Amino acid sequence: MYAQMVKTEADRVKTLAEMDECERVFQERVDRGVKIEPKDWMPDGYRKTLIRQISQHAHSEIVGQLPEGNWISRAPTLQRKVILLAKVQDEAGHGLYLYGAAETLGVSRDELTAQLLSGRAKYSSIFNYPTLSWADMGAIGWLVDGAAIMNQVPLQRCSYGPYARAMIKVCKEESFHQRQGFDIMMSLCRGSAAQKAMAQDALDRWWAPSLMMFGPPDEHSVHSAQSKAWKIKINGNDELRHKFVDQTVPQAKLLGLEIPDPDLRWNEARGSYDIGQIDWEEFFQVVGGNGPCNRERLAARNKAHEDGAWFRDGLMAHADKTKARQQSQGEAA
């Protein structure tokens, strides 16, 4: 999932005894695994939390096209260009699915877009890092999309029906993206010494930001408990982070690359890897708008929106003309 630090406006989770009748019926449906649909009654906090999470996820898919789109024309072969182009197109589609899911909660796409362009809405911190080499396309697919899959597969069991169903298609396509990235890294690692060094450099730069994608440690994630009670969020941040590390370390070994963490150790008792400290100050700086590419990304999205105004105006003019003609024909009949 490309959503981090989603607020729920609840300082603690209510017990069933503290809920009113509507809240209690709603929570019991969620606990039974019944999907909540757009026309069903839901607590206002549940609706707002979903809007925040789904819109942040959608914004991340849209902004996420920028780091990779910059490399389409510079991909080393025609096949690589076509594959990367298809991937960027998929990400645009994911954004549209998710904006559509958010709209079922009563918020307009125009409103969500305005929040992104103004900087009021957040997107994943990972997309505020620069892509310095072709190897970054491999690292993003392998690590970033791998972390996204780890987050998004559980969301297929999310309590909100439109979001859960959208994630089924998104996860299938993200799996392709992850394999595409790993294939790039494998090709580089099987190439020259300079190519393998490029792959190692990309891993060194993207490893920590990828771990940050799961959000801050659970003890500092004050809103997770309510999101988990509503089954908007299925797993804890640390649980998914460690699962990602356990999956990725053997892949790095297969590639012949070194994970840039001197404290990485296999913990026999836990059956999982221990990792070193993550620089959470960097995470909060990036989320707060002070990352390497925050301003660049936001400026690019605003420019694209302004450049596309003529096309949106044309679509609206055509729709108005068609509606007027249909009304005229109806009156004539």
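How many salt bridges does a search of the whole structure find? The search finds 15, a salt bridge being a side-chain nitrogen of Lys or Arg within 4 Å of a carboxyl oxygen of Asp or Glu. This is a predicted model, in which local features need pLDDT of at least 70 and side-chain atom pairs count only at pLDDT 80 or more, while totals for chains, interfaces and linings use all residues. Residues are numbered from 1 along each chain as its sequence is written, and side-chain values use heavy atoms, with hydrogens and water left out.

One of these bridges joins lysine 87 to glutamate 68, with the closest N and O atoms 2.4 Å apart. The pair links distant parts of the chain, 19 residues apart: lysine 87 is in helix 4 (residues 78–103) and glutamate 68 in helix 3 (residues 65–69). Helices are DSSP runs of H or I with at least four residues, numbered from the N terminus. Lysine 87 counts as buried because its relative accessibility is 0%; buried means under 20% relative accessible area, exposed over 50%, and partly exposed in between (1.4 Å probe, protein chains only). Glutamate 68, at 1%, is buried too. Glu68, Lys87 and Asp145 are linked in a network of salt bridges.

Lysine 48 is partly exposed at 36% relative accessibility, and aspartate 44 is partly exposed at 47%.

Technical notes: Helices (H or I, at least four residues) and strands (E, at least two) are DSSP runs, numbered from the N terminus.
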